[in-house]
Amino acid sequence: MASSSKMESSADDQAQQEEEDDEVEHFDDFTLASSWERFISDIEAVCRQWIADGPKNLLKKDAREVSEEFYKVKYELKFAVKSYCMEYYFGSKNDGKVMDWDPRLHDLQLCFGVKDFLVIAPQSASGVVLDAPEASKLLSAVAIALSNCSSLWPAFVPVHVPARKAYIGIQNMGTVFTRRFEADHIGSQVPVKLMHLEGLYELFVSKFAYSTLDFSMHLFKVHFTMKLTYRSLPPDDDDVQGADADVTDSGDDLGGDMHNRTQWDDDCPWSEWYSAEDPVKGFELVALWSEKVVESSLEMAELENSSPHEAQKWILSPNMSSTLTDSSKGNRIGFASQLCLLVDALNKSFEAQFMEDFVSVENPGSDNLNSSMVIPPPTVIDRVLKELFHDGAQFPSFASGGHKTSRIKAAPLESLFAQFCLHSLWFGNCNIRAISVIWIEFVREVRWCWEESQPLPLMPAFGSIDLSTCVIYQKLHMLAICIERKRQLNEEFQDCVGSMDHSSPSIEEDGLDEGSEDSCIMQTPGENLDGKRDSPAIPDDLQDSKQSVSSLGARLEHAAVSADLKPSDCIRRGSAGEAGMMLLKSKQRMHAPFTQEAPLMTEDMHEERLQAVEAFGDSLNFSAFLEREILASDMSAFKAANPDAVFEDFIRWHSPGDWESDVTKESGSSNNPATEGSKDDWPPRGRLSKRMSESGNLWRKIWNDAPALPASEQKPLMDPNREGEKSLHYLETLRPHQLLEQMICTAFSAAADTLNQTHYGGLKQMTTKLDQLYLTMTSALRPLQANRLSADTDTIEDIRRLCGVFEHVEKLLTIAASLHRKFLHAPRLSEAIFRDCCNFYFPRMGTSSSGDNTPKEFEKQQIVTMNERPLVSNMFTPPTANQSWRKVLSLGNLLNGHEPVLREIIFSKRDKVSGNHYAARTPNAYQDELETYRMYICGTSNDLRIALSVVSCD
């Protein structure tokens, strides 16, 4: 019981203590600060800290960039149950007064002409103060805090709704004056009077003149400046369609060029493959009237009728397409996007051994391919093949070559394989199945050209194999040469058979009576003075005929006897002239023979021969075995030109390094042709080298077996039938990944060469970007030439990144081409705008997002000189009927029928403060003129925004 009584007494004491505490809490002590006063104190503390830090220290802390050289810091405050955010806007440079039309100005700087300022707003969804008493109380708190800090910063509070962009503000200008600010916006139903400069002038004058005055009859010195913005209209699609209809009705054959004829890039090199969106959508022209003093509304009416050409300054800025920084927006199509698809096809190509496996029904993985990869219909395939294999297509001259910095093993741009690769980029969606189908049909067409001896289009049928190109191009070049040689052999065989049937009786009857003396030299047709044989005079079938060869030899022998000359002189055949040396066994001069050209070889054939040499060692006999046919041909031609020659003579002519001369100090070197050519020094003294003197030397064996035949009577070293079939076999059995590797190299090179043909004027930065692109491609594509790739390797990822670089350069090139066409007679503007575009877009291209403080749109401007104004003015073509029939022109200052899309005006009135109605005693700081009234007006015929600042004496 005692314990329970103690507990009850303690509970009573606790309740009594709480009652006493409540009485103390509800006691109103007016010596304590209220919540509003504490709120003012918090604002004051923050402002004092910002003032103490200064701009330099604030930049080092948490200041965020708003625009160029303009920053802000913020601080969160609480008052009652609401939270507020106070922001301080300041510039990094204290360069005095703010310029009126500086494009870097903040909105409040432009409206009220202030420099550094504060903005305090509630942290709510709207971000504005909806209650007028709350806004006044909030602005008073900031004004008191700034006054306590002796700060002259203006302070603003956003009011009403965000769409109105309405503000109220106040600025303490010292001990005497206070400036008040107010801004509001009219979103519709603008009074007609306020659409004209005269009405706006009277609106401003009404703020300081008596309302009973007639403003048109009184003079007020008002400072005025104006900024007009014009925007070029987009192309009128209806007019374009109407023009198309007129041309169609005329009955002319449009072909496939009518669509491109109305595009901006119809004369650009890429227009054959795709049409690019014009990156320069239009232009904005700003016409600035410098500050002038206006004294009546009549002057404003005259100014409204003036031309923009009377403005003191023109500033031009392009309206760039938004797809330049966002690759996904608009699903942009270009070479880069298709090259990415080709890289994906390369990654898929490792899944099969042959190209036919990707289209075969028996392939177990074809079901997965069919679901996602579409093959175009046969009509599309036929159209592509007709464009590739159309009649009359010839290989152009490549004297100028490709790009000077290109080291890519690829086919030339205008060649058959390069055109195939470019067509493949746009065939279907460039998947592995579509590429397989078009490749199989392509090889079939190539075989048909071979079997029918038809020239291979877009391929040279002459020259040597260029080993710096890809192997597929080398094989196609080899095949084109084989087709031409096979065709020549067939024609010569038919001509030879026909001529033998008609000329053999006359030869038997008449012999060689006419011109027998000249015919003893026996220079055969088809031989040139360069020592090479252009084409064989006797086909293979005739070479194999013993009867033909024996009859020819009999006629030659008969000619030698009837001429009654020396046998050695009479039977010398195939001589290209004296070689400047004497023969060893006869006192005759050595003659250099005409020889056959070495057989053509592609890169893979050279590699096979090199591997064989590495496997068997670099021995003389093995190298002679590899070159056996060429050595035998040269030896036969040498024997025919020098009937009395021996093996040592051939070595002296063919391989001088293997002939060791006996050199004496008096005579000097015996290798001098002038010395050896003298008959007094015959016979030449010397010996074969050690390797040529070894027993069993293969060179001597080939010499002993080689018959004496001039090059014109020899069997050609290159068998076109065999080499042609080998080339076709390579194309038909090519592995998918090997095909795709060469296609990627050629497609990148061909696409870059196509873009490099674009005319973009003297833009040096564009030339530099293209040079860098070629160097990047050469480095990134080099691993593809090693033929050691596998699926999902780092190399494939590197090529995907290369596609991104290619896309960036491709976009910049479209900008350069568009600017060059628009500023053909104003190259300075073209270069200046493109330089700004490079600096702005290239760091942003390919990035999903930029920093919060980074400008999202291109806003660079260029000043237009007086000489450039006519060209810029012509860009604003008069509106068409479709563009202007709905619009009623309400504003003046028309430019080629275009009214300004935005008109901005600044009115200001300045007064001398000393001795006027503002104050009897004025601080020395305001002894000069003070801008007592300022009005900023911005708007069009549909909306109007007005910002007013007034200085008063408190």
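Modeller: At 0% relative accessibility, Cys47 counts as buried, where buried means under 20% relative accessible area, exposed over 50% and partly exposed in between, with a 1.4 Å probe and protein chains only. This is a predicted model, in which local features need pLDDT of at least 70 and side-chain atom pairs count only at pLDDT 80 or more, while totals for chains, interfaces and linings use all residues. Residues are numbered from 1 along each chain as its sequence is written, and side-chain values use heavy atoms, with hydrogens and water left out.

Biologist: Switching to the core, which residues touch the most other members of the largest one?

Modeller: Phe417, Trp439, Phe806 and Phe907 do, in a nonpolar core of 154 residues, meaning a set of buried Ala, Val, Leu, Ile, Met, Phe, Trp, Tyr and Cys residues joined through side-chain atoms within 4.5 Å. Helix 29 (residues 794-822) gives the most to this core, with 12 residues; helices (H or I, at least four residues) and strands (E, at least two) are DSSP runs numbered from the N terminus. Apart from this core lies another, of 33 residues, which includes Cys47 and Phe79.

Biologist: What does Phe417 touch, leaving out residues up to four places away in sequence?

Modeller: Its contacts, counted as heavy atoms within 4.5 Å, include Trp439, Cys470, Leu739 and Met743.

Biologist: Now helix 27: how many of its residues are buried?

Modeller: The count is 19 of 21, so helix 27 is largely enclosed by the rest of the structure.

Biologist: At what angle do helix 27 and helix 28 pack?

Modeller: The angle is about 175 degrees, and the axes of helix 27 and helix 28 (residues 764-781) are 11 Å apart. That makes the two helices roughly antiparallel, the term for angles over 145 degrees, with under 35 counted as roughly parallel, 65 to 115 as roughly perpendicular and the rest as oblique. Phe748 and Ala752 of helix 27 are among the residues making the contact, as are Tyr774 and Met777 of helix 28.

Technical notes. Axes are lines fitted to C-alpha atoms, for helices over the stretch in contact, and angles run from 0 to 180 degrees between N-to-C directions.
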